[in-house]
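Here is a short report for a reader meeting this structure for the first time.

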Amino acid sequence: MKTITLALGLTALASQAMALSCIRPDPMSTFQRVAAAEEAYYVLYGQLTFDEAALPPGLLNGNESTPDPIPARFEGKGLTKQGFTSDFISPVNLQIQCAGPWCGSARSGAEAVYFVLADDPVTFIAEPCGGMIFDDPPQAMLDALTTCMQGGDCSSQPLQ
């Protein structure tokens, strides 16, 4: 019996060791990364709505293929030097990305800040470690992103 208990305990530890290790996403770091990218990005604030039943499970159980894009709609504002002031209402795609069995996710109807490539069609990316979607942003985050857009201090800082 002790052998079985020990084996089960070791199996549980091995499973945890194989978990995806992510650095906590930071909107200021993401802003700096997309600002330095060759591609053009939008910084959007608002609601993305889609059928949550179309999301892949959090763990794909060994299926490492990229899930199909999910049709969605965004209603909100784009970031300008004056803040989130530019209306942005459009059908879009939500692309879930996976790293091995771990997949990103999003919440339909949640207020969030999104960093999205300015492609046609506009595609929102949900990465397994996050970093492109920031749910329920506090006003301090919106203000800090506006400061970044204005060329001010864009250093990483806690945004509660």
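## Disulfides

C129 counts as partly exposed, at 29% relative accessibility. This is a predicted model, and the values below are computed from it. C129 is bonded to C22 in a disulfide, with an S to S distance of 1.8 Å. C22 is partly exposed too, with a relative accessible area of 38%. The link of C22 and C129 is left-handed, with -60 degrees about the S-S bond. This pair links distant parts of the chain, 107 residues apart. C22 sits in the loop between α1 (2–17) and α2 (27–36), while C129 sits in the loop between β7 and β8.

The structure holds three disulfides. A disulfide is a covalent bond between the sulfur atoms of two cysteines. The table gives the S to S distance of each pair.

| Disulfide | S to S distance |
|---|---|
| C22 to C129 | 1.8 Å |
| C98 to C103 | 2.0 Å |
| C148 to C154 | 2.0 Å |

What is the handedness of the disulfide of C98 and C103? The torsion about its S-S bond is about 100 degrees, so this disulfide is right-handed. C98 is partly exposed, with a relative accessible area of 26%. C103 has 11% relative accessibility and counts as buried, because the cut-off for buried is under 20%.

The disulfide of C148 and C154 has a torsion of about 95 degrees about the S-S bond, so it is right-handed. Both C148 and C154 are buried. With bonded cysteines counted along the chain, the disulfides follow the pattern 1-4, 2-3, 5-6.

## Fold and surface

How many helices and strands does the chain have? There are three helices and eight strands. Along the sequence they follow the pattern α-α-β-β-β-β-β-β-β-β-α.

The chain has 160 residues, and 35% of them count as buried. Its accessible surface comes to about 9,400 Å². Carbon and sulfur atoms account for 54% of that surface. Take the contacts between residues at least 6 apart in sequence: 72% of them join residues at least 24 apart.

## Aromatic rings

A pair of aromatic rings is described by the distance of the centres and the angle of the planes. The count for this structure comes to seven aromatic pairs. One of them is F74 with F124. Their ring centres are 5.4 Å apart and their planes are at 35 degrees, so the pair is tilted. F74 lies in strand β2 (residues 70–80) and F124 in strand β7 (residues 123–126), so the pair ties together parts that are 50 residues apart in sequence.

F115 and F134 make another pair. Their ring centres are 6.0 Å apart and their planes are at 80 degrees, so the pair is edge-to-face. F115 belongs to strand β6 (residues 111–117) and F134 to strand β8 (residues 133–135). These two residues are 19 apart, and the pair links distant parts of the chain. Both F115 and F134 are buried.

F74 and F124 also belong to one aromatic cluster, along with Y42, F88 and Y114.

## Nonpolar cores

In soluble globular proteins, nonpolar side chains tend to be buried together. The largest nonpolar core here has 20 residues. Which of its residues touch the most other members? They are L48, F50, F74, L94, Y114 and F124. The elements that give two or more residues to this core are β1 (41–50), β2, β3 (83–96), β6 and β7. The largest share comes from β3, with four residues.

L94 shows how such a residue is placed. Leaving out residues up to four places away in sequence, L94 touches L48, F50, L55, P69, I70, A106, F124 and A126.

A second, separate core has 16 residues. Among them are M28, V43, F115 and C154. F115 is thus in an aromatic pair with F134 and also in this second core. C154, likewise, is bonded to C148 and is part of this second core.

Methods:
Residues are numbered from 1 along each chain as its sequence is written. This is a predicted model: local features need pLDDT of at least 70, side-chain atom pairs count only at pLDDT 80 or more; totals for chains, interfaces and linings use all residues. Side-chain values use heavy atoms; hydrogens and water are left out. Rings of Phe, Tyr and Trp (its six-membered ring) pair if their centres lie within 6.5 Å; planes under 30 degrees apart count as stacked, over 60 as edge-to-face and the rest as tilted. Buried means under 20% relative accessible area, exposed over 50%, partly exposed in between (1.4 Å probe, protein chains only). Contact means heavy atoms within 4.5 Å. Accessible areas come from the Shrake-Rupley method with a 1.4 Å probe; for residues, only the protein chains shown count as cover. A disulfide is a pair of cysteine sulfur atoms within 2.5 Å. A nonpolar core is a set of buried Ala, Val, Leu, Ile, Met, Phe, Trp, Tyr and Cys residues joined through side-chain atoms within 4.5 Å.
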